[in-house]
Amino acid sequence: RAKSLGRGRLQMYLPTLQTAAANRLKLEEGLRRALAEAQLELYFQPKVDATARVVGAEALLRWSHPELGSVSPADFIPVAEETGIIISIGRWVLDKTMESIAKWQRNAVPFEGSLSVNISAWQLAQPDFAEMVSDCARFHAVEPGRITLEVTETAVLQDMRDVVQKLKQLREQGFRVSLDDFGTGYSSLSHLRDLPLDEIKIDRAFVIEVEDETAHPLVESMIAIGGHMNLDVVAEGVDSEVKRERLIRMGCRQFQGYLISRPLPEQAFLWWLADRAASLRLSG
Ligand code: C2E
Ligand code: MG
Ligand code: MG
Ligand code: MG
């Protein structure tokens with residue numbers, strides 16, 4: 001009985017395993033071509049304050065695969081990291097981010113905030129990471145303060161001393177540093193003390209809970225600690241007015257999420273900004 005049960009299980013699992021492996025191989029091969037064949041694109045999601053003023057935006061990577069269609073970064077970033085392709089992809093993302101904000105500035109786009117870019121642990125570990133970032137900004141004539149580097153605690157923990165030193169160096173030049181997905185993974189309050197930070201982003205997993213009627217001591221405390229440390233506190237995944245209102249009541253001042261806007265392709269994001277600016281002029 002046990003044997004047949006075992007075999008039944010195997011028969012159930014094998015096809016999925018094979019599909020997973022095949023998909024993975026497809027992803028890996030595809031990623032190598034994605035860069036060369038311009039299948040990667042940056043989307044932009046605005047970040048607003050409690051008065052709905054745009055205070056920044058986050059660049060989010062999208063990949064349109066010729067066969068698989070649109071592949072989520074949640075699926076391909078891990079593969080890119082395992083294969084090392086993340087280094088060239090990450091460099092491409094940084095370059096595109098800086099190129100975009102430089103272009104917006106030249107074209108008088110109504111965007112005054114900082115543009116956030118996600119940095120992988122593997123990029124942070126590169127000995128020349130700090131030079132790469134500052135060279136890129138210099139090349140595009142972008143003021144460092146207009147760029148926010150989003151790092152995660154997991155990434156920082158790989159080699160805390162080394163990463164702290166690199167981030168300090170970048171912050172001294174004016175780049176902003178944000179701790180992404182705060183509250184998940186290997187969170188420790190001591191990271192807030194040891195890391196050179198300008199901002200924390202409260203993970204969507206915590207923001208989701210705010211919808212319940214019950215008290216939210218964790219979210220409220222995270223917001224308070226960030227405030228006491230003079231950090232900007234951003235709530236991510238704000239997708240309802242109820243969440244936004246509760247977060248405001250808890251003292252949160254910055255919001256990102258579907259309620260404000262989904263991540264948009266560049267042109268759509270620029271239209272969104274222009275619309276915003278126009279309605280602000282009308283109302284005030
Ligand atoms: P993240 O940096 O925490 O980005 C936030 C994710 O939440 C994004 O998913 C965004 O589209 C999604 N999101 C924003 N608002 C809402 C909302 O209201 N509801 C829901 N359900 N989701 C919301 P996305 O774009 O799929 O990216 C997933 C993750 O992939 C990112 O998480 C980041 O860790 C990574 N990633 C994205 N772009 C890059 C990149 O250029 N480089 C690196 N290294 N990682 C990236
Ligand atoms: Mg992020
Ligand atoms: Mg995040
Ligand atoms: Mg997240």
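A polar side-chain atom of Arg62 lies 2.8 Å from an oxygen atom of ligand 1. The model is predicted; local features need pLDDT of at least 70, side-chain atom pairs count only at pLDDT 80 or more, and totals for chains, interfaces and linings use all residues. Residues are numbered from 1 along each chain as written, chains are lettered from A and ligands numbered from 1 in the order written, and side-chain values use heavy atoms, without hydrogens or water.

For Asp180, an N or O atom of the side chain is 2.9 Å from an oxygen atom of ligand 1. For Glu236, a polar side-chain atom lies 3.5 Å from a ligand oxygen. On its own, ligand 1 has 810 Å² of accessible area, and the protein covers 82% of that area. Accessible areas come from the Shrake-Rupley method with a 1.4 Å probe; for residues, only the protein chains shown count as cover.

Ligand 1 sits in the largest pocket. A pocket is defined on a 1 Å grid over the protein atoms alone, as an open set of points where a 1.4 Å probe fits, with protein on both sides within 12 Å along at least five of seven lines. A molecule sits in a pocket if more than half of its atoms lie within 2 Å of the grid points. The shell around ligand 1 holds 22 residues, each with a heavy atom within 4 Å of the ligand. The closest are Arg62, Asn118, Asp180, Arg204 and Tyr258. Strand β2, helix α2 (73-83) and strand β6 (176-182) each supply at least two shell residues. Helices (H or I, at least four residues) and strands (E, at least two) are DSSP runs, numbered from the N terminus. The largest share of the shell, 4 residues, comes from β2.

Strand β2 (residues 54-65) pairs with β1 in the antiparallel sense over 9 bridges. Two strands pair if DSSP finds at least two bridges between them. Within this pairing, Glu41 stands opposite Arg62 of β2. The two strands form a hairpin with 4 residues between them. In the turn, Ala52 has a positive phi of about 70°. Strand β2 also runs parallel to β4, joined by 4 bridges. Here Ala57 stands opposite Leu115 of β4.

Strand β4 (residues 114-118) is largely enclosed by the rest of the structure, because 4 of its 5 residues are buried. Buried means under 20% relative accessible area, exposed over 50%, and partly exposed in between (1.4 Å probe, protein chains only). Strand β4 pairs with β5 (residues 147-152) in the parallel sense over 4 bridges. Thr148 in β5 is the bridge partner of Ser116.

Strand β1 (residues 40-49) is mostly covered, with 8 of its 10 residues buried. Strand β10 (residues 264-265) pairs with β1 over 2 bridges, and Tyr43 stands opposite Pro265 of β10. Strand β9 (residues 254-255) is joined to β1 by 2 bridges. There, Val48 has Phe255 as its bridge partner.

Gln45 lies in β1. This residue counts as buried because its relative accessibility is 7%. The Gln45 side chain makes a polar contact with the side chain of Gln256, at 2.9 Å. A polar contact is a pair of N or O atoms within 3.5 Å; within protein, one must be able to donate a hydrogen and the other to accept it, and residues adjacent in sequence count only if both atoms are side-chain atoms.

Technical notes. On a 1 Å grid over the protein atoms alone, a cavity is a set of points where a 1.4 Å probe fits but cannot get out, and a pocket is an open set with protein on both sides within 12 Å along at least five of seven lines; lining residues have an atom within 4 Å of a point.
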